[in-house]
Amino acid sequence: MTPDVLTSAAAGFTVALALIVAIGAQNAFVLRQGLRREHVVPVVLICALSDAVLICAGIAGVGTAVAARPELLTAIRYGGAAFLFCYAALALRRASRPDTLSPADRPPASLRATLLTCLAFTYLNPHVYLDTVLLLGGIAQQHAYRWVFGVGAVTASLVWFTALGAGAHRLAPLLGRAGAWRVLDGVVALVMTVVAVALLRG
């Protein structure tokens, strides 16, 4: 590989990782699934593949078209905020009922329900479009090897979600008590609410 190719790949990886690692609704959901060891692989694949599709769309020029349709982002913003408020309410309800917080005592959610929730967290969040389609797509255009930049960005997404989902179980000993899950769900509810409010404020 030439230095320019390596530079583009490294830039894509680091920029994407910096955007993805920030605490948000999607990461909180993946973390919870990892802690429960519930449908982790499908969830990680949906998150990583969705990022790959959106990043490629941005590099291909879709970001420019989306930027010209602010009403589309507005609709996504309000829909995403409504969804996050609902999920925050559910997390707060779980936090207020410690008898339902232990993963071992709760029946697993169906794969269908889990995947639908994951898709909602992914595609009802306008920030995902701003980060992947617009921002990463725009930065990629500045590199001589824009698609190599894209490969680096997609790799960062896959590495992060895999590490988050697969590594979350290491926290299980710390979250083996109902009180710990109460704190976790309280934090999840807070994160969802903050993100939802931020979306409504634009």
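Q: What does the side chain of glutamate 38 make a polar contact with?
A: The side chain of arginine 36, at 2.7 Å. A polar contact is a pair of N or O atoms within 3.5 Å; within protein, one must be able to donate a hydrogen and the other to accept it, and residues adjacent in sequence count only if both atoms are side-chain atoms.

Q: What should I know about the model itself?
A: It is predicted: local features need pLDDT of at least 70, side-chain atom pairs count only at pLDDT 80 or more, and totals for chains, interfaces and linings use all residues. Residues are numbered from 1 along each chain as its sequence is written, and side-chain values use heavy atoms, with hydrogens and water left out.

Q: Where is glutamate 38 found?
A: In the loop between α2 and α3. Helices are DSSP runs (H or I, at least four residues), numbered from the N terminus.

Q: Is glutamate 38 buried or exposed?
A: Buried, with a relative accessible area of 7%. Buried means under 20% relative accessible area, exposed over 50%, partly exposed in between (1.4 Å probe, protein chains only).

Q: On to α3. What span should its 21 residues have?
A: 30 Å, at 1.5 Å a residue. The expected span is 1.5 Å times one less than the number of residues. The end C-alpha atoms of α3 are 30 Å apart, which agrees. Just after α3, glycine 61 takes a positive phi of about 110°.

Q: And serine 157, where is that found?
A: In helix α8. Serine 157 is buried, at 0% relative accessible area. Its side chain joins that of aspartate 51 through a polar contact of 2.8 Å.

Q: What else does serine 157 touch?
A: Ile20, Cys47 and Ala48 are among the residues in contact, not counting those up to four places away in sequence. Contact means heavy atoms within 4.5 Å.

Q: New topic. How many aromatic pairs does a search of the whole structure find?
A: 1. Phenylalanine 29 and phenylalanine 121 have ring centres 5.2 Å apart and planes at 40°, so the pair is tilted. Rings of Phe, Tyr and Trp (its six-membered ring) pair if their centres lie within 6.5 Å; planes under 30 degrees apart count as stacked, over 60 as edge-to-face and the rest as tilted.

Q: Which helices hold the two?
A: Phenylalanine 29 lies in α2 and phenylalanine 121 in α6, so the pair ties together parts 92 residues apart in sequence.
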